[in-house]
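Please keep the sequence and the structure in view while reading.

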Amino acid sequence: MNILYEVKDRIATLTLNRPEVANAQNAELLDELDAAWTRAAEDDEVAVIVVRAEGKHFSAGHDLNDRWPSPDEITLEWIYSAESRRYLDYTLRWRNVPKPSVAAVQGRCIAGGLMLCWPCDLIVAAEDALFSDPVVTMGIGGVEYHGHTWELGPRKAKEILFTGRPLTAEEAERIGMVNKVVPRDQLDAEARELAERIAAMPSFGLRQAKRAVNQTLDVQGFHAAVQSVFDIHQTGHGNALSVTGYPILARLEEMKQKLR
């Protein structure tokens, strides 16, 4: 049970449930999460979706110990196909679910963790939340779903990517990436209260309001840009394939071990 699913008072709560590994995302977790999003989207009794996580950290990103069922020889073609499905397609689908969604984020939200909260319409963060994308360390220009420029603005996006430093909850709220920052022990209650206020609104009005905002971003180039930058991401994998064994993965895994 990598994902816990609960519906109460027209709110579906999707909980990441791998706290022992800081909710690192293996293939099973992502598949279960996508199924939970689909279930909530198709349930007429659900008006709002909340994404939260058990444990100290929201998500340490992709589980680097999870190799998925893979061929004997890893090729760029295989990486492109696998990541298109679980990373790009999933996140875009979650973003476009017509029901409002709220992410509740605590602790570390690293790289792939951003791909779980950025597709949500609203983000409530605990005071201890830290958002980062250090994959430039791997010779790759950012995670597969490039929300950076849209969420942070171009200069802040470059700073965070170039340095790998984490963005604090306070900074994230100041630039508009986060809607509200609350004490850690109030995170779930605040996210729930926000979801309840939204759930009291007319469903069709919510659907149309979300479509209006997302469609405006798409007209400005969001969807095309995300698709294009996914291809840029893949050039990083192509470069890394020339270095036998992806040695940088071991170093990144050591960093993640400190969170557990």
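The model contains 1 cavity of 30 Å³ or more, a cavity being a set of points on a 1 Å grid over the protein atoms alone where a 1.4 Å probe fits but cannot get out. The model is predicted: local features need pLDDT of at least 70 and side-chain atom pairs count only at pLDDT 80 or more, whereas totals for chains, interfaces and linings use all residues. Residues are numbered from 1 along each chain as its sequence is written, and side-chain values use heavy atoms, with hydrogens and water left out.

**The cavity**

- The largest cavity has a volume of about 50 Å³, where volume is the space filled by probe spheres set on the grid points, which are joined across faces, edges and corners.
- Its lining (residues with an atom within 4 Å of a point) includes Leu 114, Trp 118, Phe 131, Asp 133 and His 148.
- Strand 7 (130-132) and helix 4 each give two or more residues to this lining; helices (H or I, at least four residues) and strands (E, at least two) are DSSP runs, numbered from the N terminus.
- By class, the lining of the largest cavity has 7 nonpolar, 2 polar and 1 charged residues; Ala, Val, Leu, Ile, Met, Phe, Trp, Tyr, Cys and Pro count as nonpolar, Asp, Glu, Lys and Arg as charged, and the others, Gly among them, as polar.

**The second largest pocket**

- The second largest pocket has a volume of about 560 Å³, a pocket being an open set of points with protein on both sides within 12 Å along at least five of seven lines.
- There are 22 lining residues, and Cys 120, Asp 121, Leu 122, Val 213 and Asn 214 lie nearest the centre of the pocket.
- Helix 8 gives the most to this lining, with 6 residues.
- The lining of the second largest pocket divides into 15 nonpolar, 3 polar and 4 charged residues.

**Helix packing**

- Helix 1 (residues 27-42) and helix 2 (residues 76-95) pack at an angle of about 20°, with their axes 11 Å apart; axes are lines fitted to C-alpha atoms, for helices over the stretch in contact, and angles run from 0 to 180 degrees between N-to-C directions.
- Helix 1 is therefore roughly parallel to helix 2, the term for angles under 35 degrees.
- Helix 2 and helix 9 (residues 222-241) pack at an angle of about 150°, with their axes 11 Å apart.
- Helix 2 is therefore roughly antiparallel to helix 9, the term for angles over 145 degrees.

How values were computed. Parallel < 35°, antiparallel > 145°, perpendicular 65-115°, else oblique.
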